[in-house]
Amino acid sequence: MIAWPLYAEQRMNAVVLEGSVRMALRVRPRARDAGSDSVVVSRGEITDALRELMEGQEKGRAVRRQAGDMQQAVARAWAPEGSSRRALEEVAVTWKAWRGSRGEAVTDVSASGKP
(Lines give C-alpha, C1' and ligand atoms only; values in the text may rest on other atoms or scores of the structure.)
Protein backbone atom coordinates (compact mmCIF):
# COMPACT_ATOMS: atom_id res chain seq x y z
CA MET A 1 0.00 0.00 0.00
CA ILE A 2 1.15 3.51 -0.71
CA ALA A 3 0.12 6.01 1.99
CA TRP A 4 -0.51 9.49 0.65
CA PRO A 5 -2.28 11.47 3.37
CA LEU A 6 -4.24 14.50 2.19
CA TYR A 7 -6.12 15.80 5.25
CA ALA A 8 -7.68 15.09 8.64
CA GLU A 9 -6.82 11.76 10.26
CA GLN A 10 -5.09 10.44 7.15
CA ARG A 11 -1.72 11.68 8.39
CA MET A 12 -2.05 9.62 11.57
CA ASN A 13 -3.29 6.62 9.59
CA ALA A 14 -0.24 6.89 7.31
CA VAL A 15 2.11 7.03 10.31
CA VAL A 16 0.49 3.94 11.86
CA LEU A 17 0.39 2.00 8.58
CA GLU A 18 4.03 2.75 7.87
CA GLY A 19 5.48 2.58 11.39
CA SER A 20 3.50 0.26 13.62
CA VAL A 21 1.72 -2.01 11.17
CA ARG A 22 4.45 -1.87 8.48
CA MET A 23 1.86 -2.28 5.72
CA ALA A 24 2.58 0.88 3.71
CA LEU A 25 5.22 3.14 2.27
CA ARG A 26 4.55 6.86 2.51
CA VAL A 27 4.87 9.19 -0.43
CA ARG A 28 7.34 11.82 0.70
CA PRO A 29 6.56 15.13 -1.03
CA ARG A 30 9.58 17.31 -1.64
CA ALA A 31 7.98 20.62 -2.65
CA ARG A 32 5.38 23.05 -1.34
CA ASP A 33 2.95 24.88 -3.58
CA ALA A 34 4.13 28.51 -3.77
CA GLY A 35 2.08 30.84 -1.60
CA SER A 36 0.03 28.17 0.17
CA ASP A 37 0.24 25.34 2.69
CA SER A 38 -0.46 22.76 -0.03
CA VAL A 39 2.13 20.13 -0.73
CA VAL A 40 2.88 19.16 -4.31
CA VAL A 41 3.56 15.51 -5.02
CA SER A 42 5.14 14.90 -8.38
CA ARG A 43 4.54 11.87 -10.56
CA GLY A 44 8.20 11.01 -10.03
CA GLU A 45 7.69 10.77 -6.26
CA ILE A 46 4.70 8.48 -6.78
CA THR A 47 6.70 6.42 -9.28
CA ASP A 48 9.59 6.14 -6.82
CA ALA A 49 7.26 4.97 -4.04
CA LEU A 50 5.55 2.42 -6.30
CA ARG A 51 8.87 1.14 -7.63
CA GLU A 52 10.18 0.71 -4.08
CA LEU A 53 6.98 -1.08 -3.07
CA MET A 54 6.91 -3.43 -6.05
CA GLU A 55 10.62 -4.02 -6.66
CA GLY A 56 12.44 -2.70 -3.62
CA GLN A 57 14.95 -4.87 -1.85
CA GLU A 58 14.59 -3.38 1.63
CA LYS A 59 11.46 -1.42 2.57
CA GLY A 60 9.38 -2.71 -0.31
CA ARG A 61 10.24 -6.32 0.43
CA ALA A 62 9.38 -5.83 4.12
CA VAL A 63 5.96 -4.34 3.23
CA ARG A 64 5.26 -7.14 0.74
CA ARG A 65 6.23 -9.77 3.36
CA GLN A 66 4.00 -8.12 5.98
CA ALA A 67 1.10 -7.97 3.49
CA GLY A 68 1.50 -11.69 2.82
CA ASP A 69 1.55 -12.44 6.54
CA MET A 70 -1.59 -10.36 7.05
CA GLN A 71 -3.31 -12.11 4.14
CA GLN A 72 -2.64 -15.48 5.76
CA ALA A 73 -3.85 -14.25 9.16
CA VAL A 74 -7.08 -12.94 7.62
CA ALA A 75 -7.63 -16.24 5.80
CA ARG A 76 -7.23 -18.14 9.09
CA ALA A 77 -9.57 -15.74 10.93
CA TRP A 78 -12.28 -16.04 8.27
CA ALA A 79 -11.99 -19.82 7.82
CA PRO A 80 -15.05 -21.79 8.99
CA GLU A 81 -13.48 -22.34 12.43
CA GLY A 82 -11.64 -19.00 12.49
CA SER A 83 -12.01 -16.40 15.23
CA SER A 84 -13.64 -13.72 13.09
CA ARG A 85 -16.15 -16.14 11.57
CA ARG A 86 -17.09 -17.46 15.02
CA ALA A 87 -17.41 -13.93 16.44
CA LEU A 88 -19.67 -12.82 13.58
CA GLU A 89 -21.82 -15.91 13.96
CA GLU A 90 -22.14 -15.18 17.70
CA VAL A 91 -23.28 -11.64 16.90
CA ALA A 92 -25.83 -13.01 14.42
CA VAL A 93 -27.18 -15.52 16.97
CA THR A 94 -27.46 -12.80 19.64
CA TRP A 95 -29.16 -10.42 17.21
CA LYS A 96 -31.63 -13.09 16.05
CA ALA A 97 -32.44 -13.99 19.66
CA TRP A 98 -33.01 -10.33 20.52
CA ARG A 99 -35.25 -9.78 17.49
CA GLY A 100 -37.11 -13.03 18.25
CA SER A 101 -37.71 -11.93 21.84
CA ARG A 102 -39.38 -8.79 20.49
CA GLY A 103 -41.73 -10.90 18.35
CA GLU A 104 -40.14 -9.83 15.08
CA ALA A 105 -39.76 -12.23 12.17
CA VAL A 106 -36.20 -13.47 11.83
CA THR A 107 -34.80 -14.87 8.60
CA ASP A 108 -32.06 -17.44 9.05
CA VAL A 109 -28.94 -16.05 7.41
CA SER A 110 -25.55 -17.73 7.44
CA ALA A 111 -22.27 -15.84 7.87
CA SER A 112 -21.95 -15.81 4.08
CA GLY A 113 -24.98 -13.49 3.94
CA LYS A 114 -27.10 -16.05 2.08
CA PRO A 115 -30.34 -17.46 3.53
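1. Salt bridges. A salt bridge here is a side-chain nitrogen of Lys or Arg within 4 Å of a carboxyl oxygen of Asp or Glu. By that rule the count is one. The pair is Glu55 and Arg51, with the closest N and O atoms 4.0 Å apart. The two residues sit four places apart in helix α2, which means that about one helical turn separates them. In general, an α-helix has 3.6 residues a turn, so residues three or four places apart point the same way. Glu55 counts as exposed because its relative accessibility is 52%. Arg51, at 48%, counts as partly exposed. The classes are: buried, under 20% relative accessible area; exposed, over 50%; partly exposed, in between (1.4 Å probe, protein chains only).

2. Basis of the model. The model is predicted: local features need pLDDT of at least 70, side-chain atom pairs count only at pLDDT 80 or more, and totals for chains, interfaces and linings use all residues. Residues are numbered from 1 along each chain as its sequence is written, and side-chain values use heavy atoms, with hydrogens and water left out.

3. Overall layout. The chain has four helices and four strands. From the N terminus, the order is β-α-β-β-β-α-α-α. Helices (H or I, at least four residues) and strands (E, at least two) are DSSP runs, numbered from the N terminus. Of the 115 residues, 16% count as buried. The chain exposes about 8800 Å², and carbon and sulfur atoms supply 56% of that area. Accessible areas come from the Shrake-Rupley method with a 1.4 Å probe; for residues, only the protein chains shown count as cover. Among contacts with a separation of 6 or more, residues 24 or more positions apart account for 28%. Contact means heavy atoms within 4.5 Å.

4. Helix α2. This helix covers residues 43-55; at 1.5 Å a residue, its 13 residues should span 18 Å, and the end C-alpha atoms are 17 Å apart, which agrees. The expected span is 1.5 Å times one less than the number of residues. Glu45, Ala49 and Leu53 are buried in α2. Seen down the axis, the buried residues of α2 fall within an arc of 70°, so they line one face of the helix. The arc is that of the directions from the helix axis to the C-beta atoms. The face turned away from the buried side carries the exposed residues Arg43, Met54 and Glu55. Cover for the buried residues of α2 includes β1 (2-3), β2 (25-26), β4 (39-40) and α3 (59-78).

5. Helix α3. The 20 residues of α3 should span 28 Å at 1.5 Å a residue; the end C-alpha atoms are 28 Å apart, which agrees. Gly60, Val63, Gln66 and Ala77 are the buried residues of α3. Viewed down the axis of α3, they fall within an arc of 125°, so they line one face of the helix. Arg65, Gln71, Ala75 and Arg76 are exposed on the face turned away from the buried side. What covers the buried residues of α3 includes β2, α2 and α4 (83-101).

6. Glu18. This residue lies in helix α1. Glu18 counts as partly exposed, at 24% relative accessibility. Leaving aside neighbours within four places in sequence, Glu18 is in contact with Ala24, Leu25, Arg26 and Arg28. Glu18 and Ala3 are 15 residues apart along the chain, and their C-alpha atoms are separated by 7.8 Å.

7. Nonpolar surface patch. Trp4, Leu6 and Tyr7 make a nonpolar patch of about 380 Å². Patches are made of residues with over 30% relative accessible area and no salt bridge: like charges are joined within 9 Å, nonpolar side chains (Val, Leu, Ile, Met, Phe, Trp, Tyr) within 5 Å. Tyr7 is in the loop between β1 and α1 (10-20). Tyr7 counts as exposed, at 56% relative accessibility.

8. Positive phi values. Most residues other than glycine have a negative phi. Ala8 has a positive phi, near 50°. Ala8 is in the loop between β1 and α1, and is exposed, with a relative accessible area of 57%. Arg22 is not a glycine either, and has a positive phi of about 55°. Arg22 lies in the loop between α1 and β2. Arg22 counts as partly exposed, at 46% relative accessibility.
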